Amino acid sequence: KPKEGSWCGNVGVYSKRLDSSESEVLRKFAFQVSWTTKEILYRLDVEWPNRPEYFTGTTFCVAIDSLSGLVYVAQRGDNIPKVLVFTEDGYFLRSWNYTVDTPHGIFAASTLHEQSVWITDVGSGSYGHTIKKYNSFGDLVQVLGTPGKKGTGLTPLQFDNPAELYVDDTGDIYIVDGDGGLNNRLIKLSQDFMILWLHGERGTGPAKFNIPHSVTVDSAGRVWVADRGNKRIQVFDKDTGEWLGAWNNCFTEEGPSSVRFTPDGKYVIVAQLNLSRVLLVAAPPVGSIGNCSVINTIQLADQVLPHLVDVSGKTGAIYVAEIGAKQVQKYVPVEGYFPSFTHS
C-alpha cells in the first residue's frame, strides 16, 4: 500500500487534505505515468518528499539550491505558507510567508558567500508585480520593480506579471516579464541592476514574444526562452542579446511552459502545461540551433499540469511543480544513462 502522496509503480494515488469545512476529507487523484520510448532515462522518486502533506496550496514553482542541497517550493492559497523548504532527500525544514503575495516563478542563486532565493510575484497586493530577493530564511533583501503597481516603464523599472528569472554565475539576471500582462519582454540586468540589453515587443517574428514564460542559460552562453504563446523556444546570445534561432517543430500542439538543462548540458527539459507532459530534448551543439529532437517523454495524467521545473546541478534530478495535482514530484536519472551525475 503506498503512503499518502506517493506513487506505487507506474500508477499512484495522491491524497491531499481539503480546505475549510472539508479539511478532514481526503481527495484522491490516480495518475498514470507512461514513457514514449522503451529506454527510460528517469524514474519517479516515490519517497520524495517524506511528508507530502506540507503541500497545502497550489504549487506553481520549484527551485534547487544544489550548493546547499535545498529545494524551495512556492505555492498559492489563503492563510498558508507561501514558501516551503525541503532537503533534496525530501525532509521538510521550514516555511515562510513574508512579503510574498502570489508567487509565479522562483530561482535559487547561491554562492559560497551567499544563499539567495528570487521570487517573481504577480499578485495585486502591495508587493505585487515585483521580483524579490530573499535569504534562505525568508528575509527580504531586494525588490525589483514598483511594488503594487504594474507598468511598462524602465526608469524606474516596472513589471506586469513577471513570469520567471534566471541568475547566472556572474550575478547577471535574465527576466521574462509577461505572463499575460502588458509586457512581453526579455530583460538582462547586471548584478547591480542596470539594463544590459532588452527585447521587448509583442509579436511572432524573431526576438518578439507572446507570453515569455521561462528562461535559462546554458554553458555555451546561450539564453533560452519558452515563448509559450508563440509555441516555440527562442535562443539568444548571452553577451550581446543577438537572436540565434528558434525551435517550434516540437510544439505544434502546445507551447512550452518551462525550460531547463541537465547538468551535463546534453538535454533540455521542457514542460508542456495543458498536455501534462515533460520532454527531454537533445541540446544542440555550439554554433547550431537547428530543430528540436525529442529523446524521451514523461507523460503525466490529464490535469496534472506541470507548470515550472528545475534541475539539480549535482544529481540531475528533475523537480516538477504541478498546479493541477498540487504537488512537486522528483524524477531521478536511471543508473547508467547519466554516469557524470552523482545519484541521490
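K188 is buried, at 3% relative accessibility. Buried here means under 20% relative accessible area, exposed means over 50%, and partly exposed lies in between (1.4 Å probe, protein chains only). K188 forms a salt bridge with D172, and the closest N and O atoms are 3.7 Å apart. A salt bridge is a side-chain nitrogen of Lys or Arg within 4 Å of a carboxyl oxygen of Asp or Glu. K188 sits in strand β16 (residues 185–189) and D172 in the loop between β14 (162–167) and β15 (173–177), so the pair ties together parts 16 residues apart in sequence. D172 also counts as buried, with a relative accessibility of 15%.

The model is predicted: local features need pLDDT of at least 70, side-chain atom pairs count only at pLDDT 80 or more, and totals for chains, interfaces and linings use all residues. Residues are numbered from 1 along each chain as its sequence is written, and side-chain values use heavy atoms, with hydrogens and water left out.

The chain holds 0 helices and 30 strands. Helices (H or I, at least four residues) and strands (E, at least two) are DSSP runs, numbered from the N terminus. Of its 344 residues, 56% count as buried. Contact means heavy atoms within 4.5 Å. Among contacts between residues at least 6 apart in sequence, 45% join residues at least 24 apart. The chain exposes about 14300 Å², and carbon and sulfur atoms supply 49% of that area. Accessible areas come from the Shrake-Rupley method with a 1.4 Å probe; for residues, only the protein chains shown count as cover.

Side chains of opposite charge can pair when their charged atoms come close. The whole structure contains 13 salt bridges. One of them joins R185 and D177, at 2.9 Å from N to O. R185 and D177 are both buried. In another, D310 pairs with R260, and the closest N and O atoms are 3.1 Å apart. This pair links distant parts of the chain: D310 lies in strand β28 (residues 306–311) and R260 in strand β24 (residues 258–261), 50 residues apart. Both D310 and R260 are buried. A network of salt bridges links E164, R260 and D310.

Q234 belongs to strand β22 (residues 232–237). The residue is buried, at 0% relative accessibility. A polar atom of the Q234 side chain lies 2.6 Å from the backbone oxygen of K208. Beyond neighbours within four places in sequence, Q234 is in contact with several residues, among them G205, K208, F209, W224, D227 and W243.

S136 is placed in the loop between β12 (130–135) and β13 (140–144). S136 is buried, with 7% relative accessibility. Residues up to four places away in sequence aside, S136 touches Y72, R94, W96 and Q115.

L198, by contrast, is partly exposed, with a relative accessible area of 32%. L198 lies in strand β17 (residues 195–199). Together, L154, I195 and L198 make a nonpolar surface patch of about 200 Å². Patches are made of residues with over 30% relative accessible area and no salt bridge; like charges are joined within 9 Å, and nonpolar side chains (Val, Leu, Ile, Met, Phe, Trp, Tyr) within 5 Å.

Methods:
A polar contact is a pair of N or O atoms within 3.5 Å; within protein, one must be able to donate a hydrogen and the other to accept it, and residues adjacent in sequence count only if both atoms are side-chain atoms.
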